[in-house]
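Thanks for making the time, everyone. Let me put the sequence and the structure on the screen, and then I will walk through the packing and the confidence.

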Amino acid sequence: MDSAEQAALSQKLDSASAVRYYNARRLNEYGPDGRLQDGSKEMSLTQSKHFDQLAVNISLSSVLLPPEVRDSGDCLHPEVLNAIKWSEHLDPLFINNYEMDPSLSWQYFGSSTGFLRRYPAIKWPPDDSSARSGQELYDFRTSSWYIDSATSPKDVVILLDSSGSMTGQRREIAKSVVNAILDTLGNNDFLNVFRFSDTTDPLVPCFKDMLVQANMENIREMRNYLDTTRAENIANFSSALITAFEILHKYNRTGQGCQCNQAIMLITDGPPYDYHEIFKQYNLPHTPVRVFTYLIGRDSSNAEEMNRIACTNKGYYVRVSSTSEVTEKVLNYVSVMARPMVMYQNDHPIQWTPVYAGGKGNNLQSNGAANLNGQLMTSVSTPVFDRRNYSVRVANLLGVVGTDVPIQQIQKLVQPYKLGVNGYSFIINNNGHILYHPDLRPLIRNWNGQFQETLKPNYNSVDLTEVELVDMDGGPRENNSLLLDLRHDMIDQKEGETELSVKTHYDDMKRVTTRRHKYFYNAIEGTPFSLGLAIPEGYGMYEVLGEREIKHSHTNASDTIPVTEYFKGSNWKVHPDWVYCEYNSMSEHNFKTPEEQVLWFLSKTGKPGWKWMSLRPRSPLKDGAHNIKKMEKDSYFCDKSLVQSLVFDALVTEGLESYVPSTVKEDKKQGYQMFGVTLSFIATRSGLLRWQDHVQHTVGESGQSAPHFSETNLRAIDEVWYKRAVDQYAVESKSFVYSVPFDAASSSRPSVTATHAVFVEHKGHQAPAAVVGLQFQHATLMAHFLNITSTCSGCKKTCASEELDCYVLDNNGFIILSETAYHTGKFFGQIDGTIMDSLVQDRIYKKVAVYDYQGACLDQKSPYSDDATRLSPLQPFRWLLHWAFSRAVWLAMQLNLSPSWVLANDDGAAVYSDDYETNNFDQYSTRDDGRIPDGGSTSETQMKQQPSASAPTSASANNRTVPRPCDKRVDLYILQPDRLNTSGQSNPLKGKLTNCHITGCERPFSVQKIPCSNLILLVVDTLCPCGSKQLSITPQEVSYDSVQGMAVTTQCRIKPQEMMYRRRPPKCMNYHPEESEIKLCGNCGRAYLSASVFVFCLLVWIFSDIIVRHWS
């Protein structure tokens, strides 16, 4: 940051000298003859695993120029060229940072002039798929990392003129301005949008008399309502301004909102006068509220009034004549709000963004789906100030420098093995929003029924209360006081601990369990984040300490065995996400598999000179950059405890078969054959998975080999079967957990998986060390089941009888065995909901309501907007004549018939185009309102779809479904084994359904616990034809009560998230006593019209209207 400011200070603007730089768009472009094309430059690019498998040059940076910044050789603005020139001095800084910390991701400088310098250098588009997509770069200056660093938090009231004059193109420009302002707001900001004509009303009805947090849900809600605005009546500016000042003053007085910057954005085609008395009453002399004015259209008759309003209220005035210039004009307010911070010079706040989907080079595009190829990220950034002296008083922001931080890199700092099975870590920010959490689910699976994935609309503003589901009765959004206390303490970055009973769901919300957790939390110094640890009560408070010390010198025979000997063969894997050992510079060393990487380091551990290097490098923010040494290319990190635990587990499990007596081996083999065992396995607390195949791997019906167990179950303690086995141990220590795939009925050869947890006991305390398991053929088990349940001497009925249906259900109500193969893997309530309800009433199963506060629901959007005008048969002729009129005016100007008709815009440039407001073309709208706003674009690596300058920009898109945030509920089930155990193993619990048929017949059933398992045997009499009720375990949308006759959306729920506690960012720079000396607040232009051209245009218009009337 200091380097950037010094480079800018020493650089002198020289328009005569050529500026040489690497334009990312013009790298390595070769013609058919193999020669470099004119204007293109050659650069050596090497694929890097560390940088998203993209081709980069780590010795240089490249410059990316969005469409808003023209790149036509020497046609770049001198100010842009000068900034490109001095910013090249950042390259040594970028390189040095990367050498000191090779874990760093992309580094960049975003210039206020609109270009982005990015390290390491990359070609744009980065790959063929990006080039084929045709998507453009977006303006990064609307990204969270840029806006949050450039300005302090802000309360914003947007006043949108919806009077009768705001129609046609003016309406579309005004909507684009609102959207552009919304693009610049983030989770630390608060806002509301009011539309005003004769009355002033909130754009979103349920946001009345309040400012709401500018998170993705609320911004999306405002975008949706933006298309419902109607142009009618006369604008009452006094009412609008008073409403805005009143709500801003209320929030300032009561300590609500951001308590920093406050601003009014006035969007109109012009007020009749400047309303000085209102501003004098509410805002003078101290001007706590800035006022920014946006004059819509090319009529500048009210420019002086709009300019005066902005200049006397520390704001900025612009005139917006087309949608193509909206973003550039809106961004002027960012530079103005940055002035106090720039004038103080010395304080450079460090900003961290909310989580976002990024990290892949091709998500520089505006297509949000491209992000799915990347990963979750956060960015850290800081502003760069202009220290140069000027002839007039200015306070210029040069730009923002930053770097991306993959969430995966942060998670590495809290090794999961230390937390044990069912333990986890999570991080929240000052707003209580999740940075990472095991239940953070940013993607919608099987999107639109097309097996696609897309980002959820609110994935980056998920609150802690939405992922920690307290085990209590009650409706949605009824938060527990203990959970709110935990959230409050973590937001305040306190250290502490607490306990909560929570619900945990598995398998895409098909299974649930309840568990009591102990929580430990503390602040992460230098960031707005707090780290939390959740540990299961009981077994989670202890860990197995078993390590095989790796020695460098050998003193006895047993020590002469290299540790790599414990990892012979190919029937073992390690957890792919855990860090056993790794080189700090991953770009210098490539391993095909995690196993290869582990073996590489294990082979080095016994050699002389080996050091464990178990400490991560310290942050330069904490120790100072001068204390940080550059890392060698071969520097590495090794977790000694984890590696030696892995070696110990490998030693213990490597020779299991060799220790089994031969007679036992033969019995075991016969047992495996009898039950169709195909595979046995063991997974340990160190992430080791070993398996042994007992039959040849099967081939699927399509002729392709089905995935092997080890390919889909290699994450050890993070696998569901591991977690369930450990939880089951507390229920019945000798039991196995049985499960089948949910789609077993559609598989030709389904398997049953049985797992059992192995605990180690010491001094009365127990901790899980491993889980052992078997997989066997479902058909073989089914045959044994039918054989046993069909042969009974002296029984009147058996499971072979038509009068009985027999089921084996697991502890969540899923069918493991049934006489009907189609039932296998399905939830029993879908087969017989009446009996399932009875099992709940008899307390055999407990029904648990689980709420999904990260839900996404689908709405079908019409290709026509709701305010489309009705077409008459003559409408095309009117359009044609109006088009002819516009062309005639254009031709007149081209022929210099009226050299005095020039519309001077704010920058003194001439605009030769007309503005028609007689027709509304919304029915041909193409802008998609389903885009992911703000939070999804926090990285410099993301893009937004800019509205076309030539096309209407209504929110309705082509006929498609778009996701919206919603809350969902599903009822899941947990077996209550104590209820069955009290009846005795040989004494089944009996029940019956009565009054379920007009004949008055009864339907008895019996339930019995199957010993040493998570299963029950359910036998149901079929003679009484009770109803065929079905229970669903598909989450359904929660319908909230209506407010004022309107259906309440998730954002408008009765208990809004806005009321929840948050901590404001520590830095607020919204005032400098000398700012009044800066006189730059926008220029106002006037339109001049010659009498000859006026008469000519009037005659053409009258003539076209007469023809239309005549045809009518």
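Which residues have the most contacts inside the largest nonpolar core? Before I answer, please note that this is a predicted model, in which local features need pLDDT of at least 70 and side-chain atom pairs count only at pLDDT 80 or more, while totals for chains, interfaces and linings use all residues. Residues are numbered from 1 along each chain as its sequence is written, and side-chain values use heavy atoms, with hydrogens and water left out.

The residues in question are Ile158, Val177, Leu191, Ile267 and Tyr294, in a core of 88 residues. By nonpolar core I mean a set of buried Ala, Val, Leu, Ile, Met, Phe, Trp, Tyr and Cys residues joined through side-chain atoms within 4.5 Å, where buried is under 20% relative accessible area, with a 1.4 Å probe and protein chains only. A second, separate core has 44 residues, including Ile550, Phe601, Val643 and Ala650.

Leaving aside neighbours within four places in sequence, Leu191 is in contact, meaning heavy atoms within 4.5 Å, with residues including Val156, Ile158, Met222 and Gln213. Gln213 is itself buried, at a relative accessible area of 7%, and a polar atom of its side chain lies 2.7 Å from the backbone oxygen of Asn187.

As for pLDDT, the predictor's confidence in each residue from 0 to 100, the chain mean is 82, and 77% of residues reach 70 or more. Over residues 361–372, however, pLDDT stays under 50, although the model has 49 contacts there beyond four places in sequence. Where pLDDT is low, the predicted coordinates should not be read in detail.

Technical notes: Buried means under 20% relative accessible area, exposed over 50%, partly exposed in between (1.4 Å probe, protein chains only). A polar contact is a pair of N or O atoms within 3.5 Å; within protein, one must be able to donate a hydrogen and the other to accept it, and residues adjacent in sequence count only if both atoms are side-chain atoms.
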